[in-house]
Amino acid sequence: QVSLVESGGGLVQAGGSLRLSCAAAEINLSINTMDWYRQTPGKTRELIASMDYDGSAQYFGSVKGRFTVGRDGAKNAVYLQMNSLRPEDTAVYYCKAEMSYLRKFEAWGQGIQVTVSS
């Protein structure tokens, strides 16, 4: 059963921007907290941003100052705004959320490719 759906990936030139979205697949599902990860071939999945219950966010590694996480409440979704993209940001991006509907559970998005050309 799919609980989270990612969108917004693609190809962009270095210095450009992309906005990823991670949305609840059904209207009854709520997103409580969300983490964003990325992964390149042969490497472990890397945590890059984490959003708490109150919407406050932390950022990790090279994305600090360039990426922003926020709620898109109208769409029951969370976005990852990525600015000043670099070729080394090329990866598959995943969202992971604590969700709730009658009970709390964890869910992952399907993963979405982001490619930054030099």
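Of the 30 residues in the largest nonpolar core of this predicted model, those touching the most other members are Leu4, Met34, Trp36, Leu80, Met82, Tyr93 and Met99, where a nonpolar core is a set of buried Ala, Val, Leu, Ile, Met, Phe, Trp, Tyr and Cys residues joined through side-chain atoms within 4.5 Å. Strand E9 (91-101) gives the largest share of this core, 5 residues. The model is predicted, with local features needing pLDDT of at least 70 and side-chain atom pairs counting only at pLDDT 80 or more, while totals for chains, interfaces and linings use all residues. Residues are numbered from 1 along each chain as its sequence is written, and side-chain values use heavy atoms, with hydrogens and water left out.

**Core and disulfide**

- Two or more core residues come from each of strand E3 (18-24), strand E4 (30-39), strand E5 (46-51), E7, E8, E9, strand E10 (103-108) and strand E11 (112-117); strands (E, at least two residues) are DSSP runs, numbered from the N terminus.
- Tyrosine 93 is in contact (heavy atoms within 4.5 Å) with residues including Glu6, Leu20, Tyr37, Arg38, Phe67, Leu80, Met82 and Val114, once its neighbours within four places in sequence are left aside.
- The structure holds 1 disulfide, a term that stands for a pair of cysteine sulfur atoms within 2.5 Å, and this bond joins cysteine 22 to cysteine 95 with an S to S distance of 2.0 Å.
- Because cysteine 22 lies in strand E3 and cysteine 95 in strand E9, the pair ties together parts that are 73 residues apart in sequence.
- The torsion about the S-S bond of cysteine 22 and cysteine 95 is about 65°, so the disulfide is right-handed.
- Cysteine 22 and cysteine 95 are both buried, where buried means under 20% relative accessible area, exposed means over 50% and partly exposed lies in between (1.4 Å probe, protein chains only).

**Sheet and hairpins**

- An open sheet is formed by 4 strands in the order E1-E3-E8-E7, with antiparallel pairing; two strands pair if DSSP finds at least two bridges between them.
- Strand E1 (4-7) and strand E7 (67-72) are the edge strands of this sheet, each pairing on one side only.
- From one strand to the next, the twist averages 15°, with axes taken as lines fitted to C-alpha atoms and angles running from 0 to 180 degrees between N-to-C directions.
- The antiparallel pairing of E7 and E8 extends over 6 bridges, and arginine 71 stands opposite valine 78 in E8.
- E4 and E5 run antiparallel and are joined by 5 bridges, with arginine 38 opposite glutamate 46 in E5.
- The hairpin of E4 and E5 has 6 residues between the strands, and glycine 42 takes a positive phi near 80° in this hairpin.
- E5 also pairs with strand E6 (residues 57-59) in the antiparallel sense, over 3 bridges, and alanine 49 has tyrosine 59 in E6 as its bridge partner.
- In the hairpin that E5 and E6 form, 5 residues lie between the strands, and glycine 55 in the turn has a positive phi of about 90°.

**Buried aspartates**

- Aspartate 89 is found in the loop between strand E8 (77-82) and strand E9 (91-101), and counts as buried because its relative accessibility is 0%.
- The side chains of aspartate 89 and arginine 66 are joined by a polar contact of 2.8 Å, a term for a pair of N or O atoms within 3.5 Å in which, within protein, one must be able to donate a hydrogen and the other to accept it, and residues adjacent in sequence count only if both atoms are side-chain atoms.
- The side chain of aspartate 89 also reaches the backbone nitrogen of arginine 86 at 2.8 Å.
- Aspartate 35, placed in strand E4, counts as buried at 16% relative accessibility, and its side chain makes a polar contact of 2.6 Å with the side chain of serine 50.

- Serine 84 has a positive phi of about 50° although it is not a glycine; serine 84 is placed in the loop between E8 and E9 and is partly exposed, with a relative accessible area of 40%.
- Leucine 102, in the loop between E9 and E10, has a positive phi near 70° and is exposed, with a relative accessible area of 82%.
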